[in-house]
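Dear colleague,

My findings follow directly after it.

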Number of protein chains: 2
Amino acid sequence: MAVTIKDLAKETGLANATISAYLNGIPVREYNRVKIEEAIKKLGYIRNDYARGLKTHRSGTIGVLIPELSSVFSTTIITEMEETLREKGYGIIVCDCRTDLKREEESIRFLLSKMVDGLIIMPVSADKSTFGTAIDKKIPVVVIDRKTNSKDVSHVVINNREISRAATERILAKGCRKIALVTGDMSVYTAKERKEGYEEAMRSAGLYDDSFIMNGGLSVEGGYAATKDILANMPDVQAIFVTNYEMTIGSIIALNEEGKKIGKDIEFTGFDKVEITRAFVPAMETVNQPLEEIGRVAAATMTEMIDGAEPKDIILKADIL
Amino acid sequence: MAVTIKDLAKETGLANATISAYLNGIPVREYNRVKIEEAIKKLGYIRNDYARGLKTHRSGTIGVLIPELSSVFSTTIITEMEETLREKGYGIIVCDCRTDLKREEESIRFLLSKMVDGLIIMPVSADKSTFGTAIDKKIPVVVIDRKTNSKDVSHVVINNREISRAATERILAKGCRKIALVTGDMSVYTAKERKEGYEEAMRSAGLYDDSFIMNGGLSVEGGYAATKDILANMPDVQAIFVTNYEMTIGSIIALNEEGKKIGKDIEFTGFDKVEITRAFVPAMETVNQPLEEIGRVAAATMTEMIDGAEPKDIILKADIL
DNA sequence: AAATAAATTCGAAACGATACGACTGACGGA
DNA sequence: TCCGTCAGTCGTATCGTTTCGAATTTATTT
């Protein structure tokens, strides 16, 4: 079967405890170190994390739960998170719950049964019911991109409201008065915050009118449909502000189809780095989230919590490109 | 501490073995079933996979190793794979090795120490040295998007050469004679195959000239640079064929910057579903890989191998949109 | 109702690593 | 030379499951 510590012990003539010590970085005599290392190489030993985890109740693994793996938003953050955590000796297990609450719960059970030392999660709902089990088990939880009503978890979010307000004000400064907003369902934290930022700006200008607000369902298709709708029913619209990556893409496609030139026929502000479109629509403005930073900070917060730190809320700053 | 089977045993007055049996789907008496289920709910029991894995040498987990998490190619495949595996009761652990051979090895050790029941991998090199450890341990390995020189693993690839040949022939049929190819380093399996498909078509037409072949390094920047280069140094080029997603994007950006209209000034065939560009460059042709199918098939092959099937090679068909 | 067959349940021994207290030997100081 | 110190090493119990043969209960047959 697999090579175990006992095999190493037999091979080297040492006790398991000594091998274990070596493996855990506790100093052993030079000549023993050499023997052990030779044996490891010779036998091809790989530590059995399951046995270790059983004994230590630690796995050296962080669970990452996201609603959708196939979005730049998630992957950029995850990549950076993995990097940071790896440096601290942690690996990650990623679960994609497909924006499905039931799967989210399933996944959390899965991760917990894998004995993760912590949970970084972008919850589908703002309700703590799903990750409550983790909290009960005293497993540190970091929530990203959402604010929840729980005091037991850390939050890492961006200044959604402020940046949306600023973006809207920038459009206003260009002289636009009829500005449409494409956002998501108000049950989604970011959608709500971003809408409120927009609302603040519009109200201050005395221009708020909620018929300018469209729900784009946070998807490419939704953004596309919402934009078509806007163009069809609000002929005098002067600008569109779209509040996430997918909808931005959909919206641009719709504008393009309708022959509306951004910067000329209409002002446009999108969300996130829509790389390719910059070539085609240089006049487009974009709210740029510090994705790498979110990943880094979330990871760092996680390790701090594992080491005993209290939960904290961190707000990072997005900027406008 | 955590709730264990023993706690359930105490709570119900049954032996651990009975609880274990219930948990594993072996029938127990109705009234015991009820008692056990109540106890589980009451105490909030979650099975400790580590203890179980230690005993059974199975983890119910498949390791997935990819060179780059932040690419549509990977994420689409992974998402589909996860779906399929989940249905069979497996979870996945994803590792991103950042196209780095050393990390690839590290990650494989990590995954093996996590006792994965199988490994699905998109190797950086075609050399079996990295995943050899897995094979030695009799762990099924499925390689996607690459052919390796190992007979012990399954391969899931697309018909790279044929489809590239077909794509090239299609361009030729439009009357183009000077067709540039942007591909990657010849050490990369897909780059090589795709280049050879192109070469076959060009040779048949008596038009092959390797000065038309550019290395775009498989990245957006590389594709961009290669295309700029082509436009600068091959003024009479009539068409460009780009062989992966990232380079396609880079190439389109470059063409756009240079004011070259696809379908008018130049013919263009890209690779993979470049969603957004379709709105801007409807004349663009694209080789479309069946990503979902790759994921599905890889996952299915994995479970078959776990159940004892022999390694096999599967070639899926891409088409041209 | 007794005897046999079938279905559950039980107890205790693993699985592979770590933790803990006890033990060894080498070294320096008195 | 003797003793205390301390870095290393050793045995062994233990983590929470599953496994397996034996023991017990329930169902079936005669």
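Helix 4 of chain B gives the largest share of the surface near DNA strand D, namely four residues. Here a residue is near a strand if one of its heavy atoms lies within 4 Å of it, and helices (H or I, at least four residues) and strands (E, at least two) are DSSP runs numbered from the N terminus. The model is predicted: local features need pLDDT of at least 70 and side-chain atom pairs count only at pLDDT 80 or more, while totals for chains, interfaces and linings use all residues. Residues are numbered from 1 along each chain as its sequence is written, chains are lettered from A and ligands numbered from 1 in the order in which they are written, and side-chain values use heavy atoms, with hydrogens and water left out.

DNA strand D

There are 25 residues around DNA strand D, and Ala15(A), Thr18(A), Asn32(A), Ile5(B) and Ser20(B) come nearest. By class they divide into eleven nonpolar, eight polar and six charged; Ala, Val, Leu, Ile, Met, Phe, Trp, Tyr, Cys and Pro count as nonpolar, Asp, Glu, Lys and Arg as charged, and the others, Gly among them, as polar. Sugar or phosphate accounts for 75% of the DNA strand D atoms within 4 Å of the protein, and bases for the rest.

Several polar contacts (pairs of N or O atoms within 3.5 Å; within protein, one must be able to donate a hydrogen and the other to accept it, and residues adjacent in sequence count only if both atoms are side-chain atoms) may be inspected.

DNA strand C

DNA strand C is surrounded by 25 residues, the closest being Ile5(A), Ser20(A), Tyr45(A), Thr18(B) and Asn32(B). This surface has eleven nonpolar, nine polar and five charged residues, and its largest share, five residues, comes from helix 4 of chain A. Phosphate oxygens of DNA strand C lie 2.5 Å from a polar side-chain atom of Thr18(B) and 3.3 Å from a polar side-chain atom of Asn24(A). Two or more residues each come from helix 2 (16-23) and helix 4 (49-56) of chain A, together with helix 2 (16-23) and helix 4 (49-56) of chain B.

Domains and sheets of chain A

Chain A is divided into domain 1 (5-47), domain 2 (59-152 + 291-320) and domain 3 (160-288), with bounds from an automatic or database domain assignment. The C-alpha centres of domain 1 and domain 3 of chain A lie 62 Å apart.

One open sheet of chain A has six strands in the order 2-1-3-4-5-11, with parallel pairing; two strands pair if DSSP finds at least two bridges between them. Its edge strands, each pairing on one side only, are strand 2 (91-96) and strand 11 (313-316) of chain A. Strand 5 (residues 154-158) and strand 11 of chain A pair in the parallel sense over four bridges, and Ile158(A) stands opposite Leu316(A).

A further open sheet of six strands in chain A runs in the order 7-6-8-9-10-12, with mixed pairing. Strand 10 (residues 285-288) and strand 12 of chain A pair in the antiparallel sense over two bridges, where Asp319(A) is the bridge partner of Asn288(A).

Yours sincerely
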